[in-house]
Amino acid sequence: MSISLSINGEPHRLDVPDDMPLLWAIREAAGLTGTKYGCGVGVCGACTVHIDGAAERSCVLPVSEVGARAVTTIEGLGEGLDAKALHPVQQAWIAADIPQCGYCQPGFVMQVADLLANSPTLSDDDLVGAISNVCRCGTYPRMRDAIAKARAAMKAK
């Protein structure tokens, strides 16, 4: 089956089964490998992408349910702000030197970017509590600092 998707602002026509999880359509058919496979049941968050600006777990979302909604992956996160520029969350993640193994980090960045954009009044503690992604390297203290810096950068714009 051929499915049309808008990924990172670009149209894609993918020859994939309609029940294929969006994650695999993004990685295998569209060739965008920044989004990672973790648990496969929507718990760990490594597969988090944005659908119309809201964070979604792509490993449990059939590609046929995406429809005309816009998909944004870690590769396209910053482009809406300034072509080819990094998103403030990506910049804060790099400045805080968060990644150790780095595998889960794209999902964290996507989740945090959604929360900062769509829930700007959450306190830092509530925001951190709203993140259910999992990092086995235990980089949470550095993430907390990066989230505060990203929030400040986004408010300054």
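A salt bridge is a side-chain nitrogen of Lys or Arg within 4 Å of a carboxyl oxygen of Asp or Glu. I kept that meaning at hand while I looked through this predicted model.

**Entry 1: the whole chain**

I began with the overall layout. I found five helices and five strands in the chain. Reading from the N terminus, I wrote down the order β-β-α-β-β-β-α-α-α-α. The radius of gyration is 15 Å, close to the 15 Å that the globule rule gives for 157 residues, so I noted the chain as being as compact as a globular protein of that length. I also looked up the box that the C-alpha atoms fill, and along the principal axes it is roughly 45 × 30 × 25 Å.

Next I turned to burial and surface. Of the 157 residues, 43% count as buried. The chain exposes about 7,800 Å², and carbon and sulfur atoms supply 53% of that area. For contacts with a separation of 6 or more, I noted that 55% join residues 24 or more positions apart.

**Entry 2: the salt bridges**

How many salt bridges does a search of the whole structure find? I got two. A reminder to myself: side chains of opposite charge can pair when their charged atoms come close.

I looked at D124 and R151 to start with. Their side chains meet in a salt bridge, at 3.1 Å from N to O. D124 sits in helix α4 (residues 124-129) and R151 in helix α5 (residues 140-156), so this pair links distant parts of the chain, 27 residues apart. Is R151 buried or exposed? R151 counts as buried because its relative accessibility is 10%, and buried means under 20%. D124 is partly exposed, at 33%.

Then I moved on to D125, which forms a salt bridge with R144; the closest N and O atoms are 3.0 Å apart. D125 lies in helix α4 and R144 in helix α5, so this pair ties together parts that are 19 residues apart in sequence. D125 counts as exposed because its relative accessibility is 54%, and the cut-off for exposed is over 50%. R144, at 38%, counts as partly exposed.

**Entry 3: a look at Q90**

My last stop was Q90, in helix α2 (residues 88-95). Q90 has a relative accessible area of 11%, so I put it down as buried. Which residues is Q90 in contact with, leaving aside its neighbours within four places in sequence? I listed I74, L77, G78 and V109. I also found a polar atom of the Q90 side chain 2.7 Å from the backbone nitrogen of H87.

Notes
Residues are numbered from 1 along each chain as its sequence is written. This is a predicted model: local features need pLDDT of at least 70, side-chain atom pairs count only at pLDDT 80 or more; totals for chains, interfaces and linings use all residues. Side-chain values use heavy atoms; hydrogens and water are left out. Helices (H or I, at least four residues) and strands (E, at least two) are DSSP runs, numbered from the N terminus. Buried means under 20% relative accessible area, exposed over 50%, partly exposed in between (1.4 Å probe, protein chains only). A polar contact is a pair of N or O atoms within 3.5 Å; within protein, one must be able to donate a hydrogen and the other to accept it, and residues adjacent in sequence count only if both atoms are side-chain atoms. Contact means heavy atoms within 4.5 Å. The radius of gyration is taken over C-alpha atoms; the globule rule is 2.2 Å times the number of residues to the power 0.38. Accessible areas come from the Shrake-Rupley method with a 1.4 Å probe; for residues, only the protein chains shown count as cover.
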